[in-house]
Amino acid sequence: MVKASLVSLFAIILASALAQLASSALLTSLPLQIASIGGSASQAGLVAGAYSLGFMVGCMRGVRMINRIGHIRAFVGAAGLTALLVLLFKNTESIIFWTVLRFFMGAAFAVLFATADAWLNESIKDEVRGRILSVNSIVIGAMAILSQIFVAKFTEVPSQMLELLSAVLLAAVVLLCMTRSVPPRTYKAKRIKFKEIWAQSPVAVLGAFASGAIVTSLLTIVPYSLSKAGVGGSTTALMIAMIYIGRLMFQWPFGSLADRMDRRWLILGSSALITVIMVTFLIADPFTGWNSGFLRNYHLLSMLGLVLVVLGGLSFPLQSICVAHAFERKPESSVALSTYLLFIWAAGSVAGPTLISILAPVLGSKTPDLILIGLSGSLALFTAYRLYVAKLFFVRRSSRKQLLSVSNMPYASYHQAQPSEKYK
């Protein structure tokens, strides 16, 4: 069943992955281009913030568009618009113009990814949902790594890189238009409110937010801590790669487990382990005395690499597990649910670094560690609470059924032997 689903959805998975390659490459290359033309760090932040804001707006408005014009047209339109916007970067070096372009690009990418997520979740069965979403995440993760190689190769010729990225997006359009998979039907469904999604899958909602915040905070902590410790740029890049390698290694096993158990237990275990690892980091402070000797540094780097593999493997799959858990409830609109969860993840990815920057003057250098502990610990505690409530509810329902069956058993007493009028 897994193989058949993958074959039928191959085009949408690969098209989404190609779009991710372009998105990740632009995320890294544009700050480099801003620096090369003499731009400041605040200008780079402005352009990055415009993308995040556009992404959130695209999530909010994407549901109506997808339902109105259909999945294929929404994906093709968003990818084609993004390819056009990429080419426009070549014609000017105005930061204001780049900011506007990145805003619309963020909105287009949001529609693109929301369409792909909704298509996948609507088309696959729940018993293989975790594994299919894991394959999708693995392919996307591989493209994210490939995008950094892409950037390294074309850093000196940014205009050529922009042309190639535009071609990659157009290739995604061609690939999706050639698919044999039938897109889900679109219909005018009633609008789903946030409180309805929260009422049905609170763990998925909090998990999506925490996943975005944890991943972006983790990608902020590692390079900052290594830089403060005096680690070189190439070694830092290697450590970042370990996080993505962990994502690729853990994604399939986690997806397979998610199809065989209550997915909330997997969310609880992942968030609890992240909390334990970060508390250990906070207490041990492994970078103390970093320059005391090469051999010590080598051992520290080896241990840190292994830990980062585990952290990447625990944090990145959280989003797909939360999405799979949310779709267990059979929502009335898969497009709305996918877009909501993508929006919540994006909000978390903005909130993580923002919290670090706000609290750093108060909490000092340990702020990123404390933020991660707070995020993962809160998710673990809330998930444990929801599992306890679910177990309590199940026990009470079971006890009622057992009482009902006992009341109808033949006893010597007349009143015990006769079922009450309520149950006749």
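Predicted model: local features only at pLDDT ≥ 70, side-chain atom pairs only at ≥ 80, totals over all residues.
Local features are described where pLDDT is at least 70 and side-chain atom pairs where pLDDT is 80 or more, while totals for chains, interfaces and linings use all residues. Residues are numbered from 1 along each chain as its sequence is written, and side-chain values use heavy atoms, with hydrogens and water left out.

Of the 424 residues in the protein chain, 47% are buried. Buried here means under 20% relative accessible area, exposed means over 50%, and partly exposed lies in between, with a 1.4 Å probe and protein chains only. Contacts (heavy atoms within 4.5 Å) can also be sorted by sequence separation: among those between residues at least 6 apart, 85% join residues at least 24 apart.

Helix packing can be followed in one pair. Two packed helices are described by the angle between their axes and the distance between the axes. For helix H4 (residues 71–88) and helix H5 (residues 95–123), the axes come within 9 Å and cross at roughly 155 degrees. The axes are lines fitted to C-alpha atoms, for helices over the stretch in contact, and the angles run from 0 to 180 degrees between N-to-C directions. H4 and H5 are therefore roughly antiparallel, a description that applies to angles over 145 degrees, with under 35 counted as roughly parallel, 65 to 115 as roughly perpendicular and the rest as oblique. Residues in this contact include Phe-75, Ala-78, Ala-79 and Leu-85 on H4, and Phe-104, Ala-108, Leu-112 and Trp-119 on H5.

Helix H13 (residues 318–326) is largely enclosed by the rest of the structure, because 9 of its 9 residues are buried. Among them are Cys-322, His-325 and Ala-326. Ser-201 sits in the loop between helix H8 (194–200) and helix H9 (202–228). With a relative accessibility of 3%, Ser-201 is buried.

Helix H10 (residues 233–258) contains Leu-257, which is partly exposed at 39% relative accessibility. The C-alpha atom of Leu-257 is 8.4 Å from that of Arg-131, although 126 residues separate the two along the chain.

The structure has 2 salt bridges, each being a side-chain nitrogen of Lys or Arg within 4 Å of a carboxyl oxygen of Asp or Glu. One links Asp-259 to Arg-263, with 3.0 Å between the closest N and O atoms, and Asp-259 and Arg-263 are both buried. The other joins Arg-264 to Asp-262 at 2.9 Å from N to O. Arg-264 is buried at 12% relative accessibility, whereas Asp-262 is partly exposed at 28%.

Cysteines remain. A disulfide is a pair of cysteine sulfur atoms within 2.5 Å, and by this rule the count is 0. Cys-59 is buried, with 3% relative accessible area, while Cys-177 is partly exposed at 48%.

Definitions and conventions:
Helix = DSSP H or I, 4+ residues; strand = E, 2+ residues; numbered from the N terminus.
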